[in-house]
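Subject: Structure handover

Dear colleague,

Here is the structure you asked for. My notes on it follow below.

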Amino acid sequence: MGDEQLGLAISTNDEAEAPAKRMRLDLDSDGVPMSAADSVDMIVEEVKPDLLTQEHVFDNLRLRRIVRENHNSTVAQIALMYYRPGDQGLGGHGMGGMQPYERSFDKRGAAIRDATDNSNLLVTIGHTQASVFDNENCGDHLDIMSHFQLGADATTSLRTCCWIRSSDDAIFAVAGDDCNVHIISLAWTREIRILKGHGGAIVDLQPHPTDSRLLLSVSKDQTMRIWSVASGECLCVYSHEATAARFHPEGAFFVTGTASGDVRRWPIPDLSTEPLEAHRLVVSDSSLIVAGKRTSGSAIDCLRFAKGNLLVKNSSGRIEYWDLDLDKLIRAFGIRNHGFLASRFDVSYDDEYMCAGNSRGEVYIYGIESGKTVARLAHKRSVKPVTCCLFSRDCRSVIYAGEGGFVWRYDYVDDETLAEWEKPNESASDESSIE
């Protein structure tokens, strides 16, 4: 079946003009913007990892890339491909932390990776479009690779996306107001499957952390569904209102948040073989683990696990850290200047930090156990609400996006380079003395 029949228009770098304009912020030691060639050839000496603390890395984050997508609409979500070859899931993320992500670089500063390693990929969604960027390979640039768009006559927006682990492909899913889940293959550069069954807009997608066959969708039709990515069949239907969801890191159950602030725990039936008919569960099959009156009653817009505990964020900017075993609130975070905003946050690979954006275009990094603000990322050009943010797997970059189609990336810059940037512009001083 052709791409047009599936209702998806697809282009790649070789076929069409990239659907984004990249504004470079690279500066040389004199504070002058460098050419693209100079930027690629620049070699930055890295401080040895064992001499760095993570908080020092966060303190040295600087804005290095801005991308504006051509749809000029709000970027609803961004997602990094965390999986590397041989990964059997996220390997501890949410239960105490993943193994450190070690990278090596060539003499130009480009990351060296195996041909089957796709963990450099970043997908963004906004309006009717999904864009895939190379976040590392080309000298650590943020370069457009592929561009996907719903049919030319599509008027509905995409709301959510996620990567799906695959040993021989880079596969991601997108969904939104058209009520369908679109499964897209980068290897084949086309949509390979459409999951149909919801009767309302889909607001959240979550891949199963250990079983790559399974995908969870949350819809405004008052249901959640677990799908088989391989067959496209719906395996389980949960009848209850939800606004966000998250699988437990071990995959035995998932949790959902609601518009009233409730958080519920849902079991997952045995799906080792696909049932002839979808399992059907109702609210009585779930358990209430956090009541809305204990979370200030605002809509839940994002859920994450860290060290086996649950982080719950609501649209009023409050994040609560719950010990589910003890039914105890460990601590709460108030995102500064948050306003009333639906915004996804993220947890670092080691489960030690989280990042969250606000309505003023700022991103804050917090220590989860300490409760302290570790860093504030702000720029005079970033003034619109942040709808999503995330850490790179090695925690040396923070990427966020929001209104206006902008994607922003902060990268770690070593102390020596920062010292060079702070030196006075001697050539400018010489010219002024001559005058």
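Leaving aside residues up to four places away in sequence, Leu 216 touches Asp 204, Leu 205, Gln 206, Met 224, Arg 225, Ile 226, Ala 245, Phe 247 and Phe 254. Please keep in mind that this is a predicted model. Leu 216 belongs to strand β15, which covers residues 214-219, and its relative accessibility is 0%, so Leu 216 counts as buried.

Aromatic residues

Over the whole structure, the search finds 12 aromatic pairs. Among them is Tyr 238 with Phe 254: the ring centres are 4.9 Å apart and the planes stand at 85°, so this pair is edge-to-face. Tyr 238 is in strand β17 (residues 234-239) and Phe 254 in strand β19 (residues 253-257), so the pair ties together parts that are 16 residues apart in sequence. Tyr 238 and Phe 254 are both buried.

Tyr 400 and Trp 408 make a stacked pair, with 6.0 Å from centre to centre and 10° between the planes. Tyr 400 and Trp 408 are buried as well.

A ring also meets a charge at Phe 253: the charged end of Arg 265 sits over that ring, 3.7 Å from its centre.

Salt bridges

Side chains of opposite charge can pair when their charged atoms come close. The count here is 9 salt bridges, and three of them are described below.

- Glu 320 pairs with Arg 318, with 2.5 Å between the closest N and O atoms. Glu 320 is buried at a relative accessible area of 2%, whereas Arg 318 is partly exposed at 32%.
- Glu 362 and Arg 376 form a salt bridge at 2.8 Å, N to O. This pair links distant parts of the chain, 14 residues apart: Glu 362 is in the loop between β28 (353-357) and β29 (363-367), and Arg 376 is in strand β30 (residues 373-377). Glu 362 counts as buried, with 8% relative accessibility.
- Glu 420 and Lys 423 form a salt bridge at 3.0 Å, N to O. Glu 420 is partly exposed at 29% relative accessibility, and Lys 423 is partly exposed at 46%.

Cysteines

How many disulfides does the structure hold? The number is 0. A disulfide is a covalent bond between the sulfur atoms of two cysteines, and the cut-off used here is a sulfur pair within 2.5 Å. For Cys 234, the closest cysteine sulfur is that of Cys 236, and the 7.3 Å between them is too far for a bond. Cys 388 has its closest cysteine sulfur in Cys 389, 7.4 Å away, which is also too far for a bond. Cys 234 counts as buried at 16% relative accessibility, and Cys 388 counts as buried at 1%.

Those are my notes.

Best regards

Terms used: Residues are numbered from 1 along each chain as its sequence is written. This is a predicted model: local features need pLDDT of at least 70, side-chain atom pairs count only at pLDDT 80 or more; totals for chains, interfaces and linings use all residues. Side-chain values use heavy atoms; hydrogens and water are left out. Buried means under 20% relative accessible area, exposed over 50%, partly exposed in between (1.4 Å probe, protein chains only). A salt bridge is a side-chain nitrogen of Lys or Arg within 4 Å of a carboxyl oxygen of Asp or Glu. Helices (H or I, at least four residues) and strands (E, at least two) are DSSP runs, numbered from the N terminus. Rings of Phe, Tyr and Trp (its six-membered ring) pair if their centres lie within 6.5 Å; planes under 30 degrees apart count as stacked, over 60 as edge-to-face and the rest as tilted. A charge sits over a ring if NZ of Lys or CZ of Arg is within 6 Å of the ring centre and within 35 degrees of the ring normal. Contact means heavy atoms within 4.5 Å.
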